[in-house]
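Please look at the model shown below, with its pockets and one of its helices in mind.

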Amino acid sequence: MQLKDKVAFITGSASGIGKEIATVYAREGAAIVIADLNRQAAEATAAELAATGAKAIGVAVDVTDEAQVEAAVERAVAAFGGIDILVSNAGIQIVHPLEEFSFAEWKKLLAIHLDGAFLTTRACLRRMYAQGRGGSVIYMGSVHSKEASLLKAPYVTAKHGLIGLCKTVAKEGAAHNVRANVICPGFVRTPLVEKQIPEQAKTLGITEAEVVRNVMLKETVDGEFTTTDDVARVALLFAAFPTNALTGQSLVVSHGWFMQ
Ligand code: NAD
């Protein structure tokens, strides 16, 4: 029970990586806020966790909307009395060569990843500072926080940006015992990636199997996808780590793709 009596606010946790983190945190004793754009899936995920005996609520929120983020954090505090852990995880992917990106697509992707991270961080930091019991802020970066790939200009830009935000939160939060770190996964087979495989195959003029083998997993040491379980284990480490020794860091979890 590494997170007993902690409250975790996890964005984008009705699916994929965020859902797995919610499941692991619940198992470790945390009360969970499933904060997701998809209301139905958020409520269903919270109900699944509650059925295992965990404390969990589903809250519909668009992380790009300031008022909705403030209201969602208020609801979390009303339900569970505070916030100890923020996992800023909600994200999307859009792939095109840069010259084909519309300005609207560029702005949409940056808004979800960066405005969403800012708005949820600000709302949760205010609570953490007022509570005076410290906290942990975790950003879902990517290998694309460190490295570029074809067709992903706004995603690579946003994921690099999260490292700057994390470092600043680590410095400012230290006086309040609030830590901030970034997890940088390689490819994980979630709906976000399943959607990209046929899109990349079409754009690059190769088969879907070639996208997986020669694009997504080419630089790994073993040709394996990273799993949601791999990422959730690291998310637990960052959430449960007891001191400011581990702050301002970004950890790549990718089967060896991009070694630093
Ligand atoms: P996913 O599509 O399975 O889940 C993303 C969730 O975010 C969905 O439930 C969706 O409803 C929610 N969401 C989307 N826009 C939102 C918004 N505006 N407000 C609130 N919620 C919103 O994707 P995933 O693969 O689990 O991705 C989660 C995070 O992990 C993303 O930040 C992604 O960039 C990152 N990531 C994924 C991979 C991968 O290979 N899957 C690799 C590295 C990083």
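This is a predicted model: local features need pLDDT of at least 70, side-chain atom pairs count only at pLDDT 80 or more; totals for chains, interfaces and linings use all residues.

Residues are numbered from 1 along each chain as its sequence is written, and side-chain values use heavy atoms, with hydrogens and water left out.

Q: How far apart are the end C-alpha atoms of helix α8?
A: Helices are DSSP runs of H or I with at least four residues, strands are runs of E with at least two, and both are numbered from the N terminus. The expected span of a helix is 1.5 Å times one less than its number of residues. The 13 residues of α8 (residues 228-240) should therefore span 18 Å, and the distance between its end C-alpha atoms agrees, at 18 Å.

Q: Which residues of α8 are buried?
A: Buried means under 20% relative accessible area, with a 1.4 Å probe and protein chains only. In α8, the residues that are buried are Val231, Ala232, Val234, Ala235, Leu236, Phe238 and Ala239.

Q: Which element gives the most to the lining of the largest pocket?
A: A pocket is an open set of points on a 1 Å grid over the protein atoms alone, where a 1.4 Å probe fits, with protein on both sides within 12 Å along at least five of seven lines, and lining residues have an atom within 4 Å of a point. Of the 40 residues that line the largest pocket, the closest to its centre include Asn89 and Leu192. With 4 residues, the element that gives the most to this lining is α6.

Key
Buried means under 20% relative accessible area, exposed over 50%, partly exposed in between (1.4 Å probe, protein chains only).
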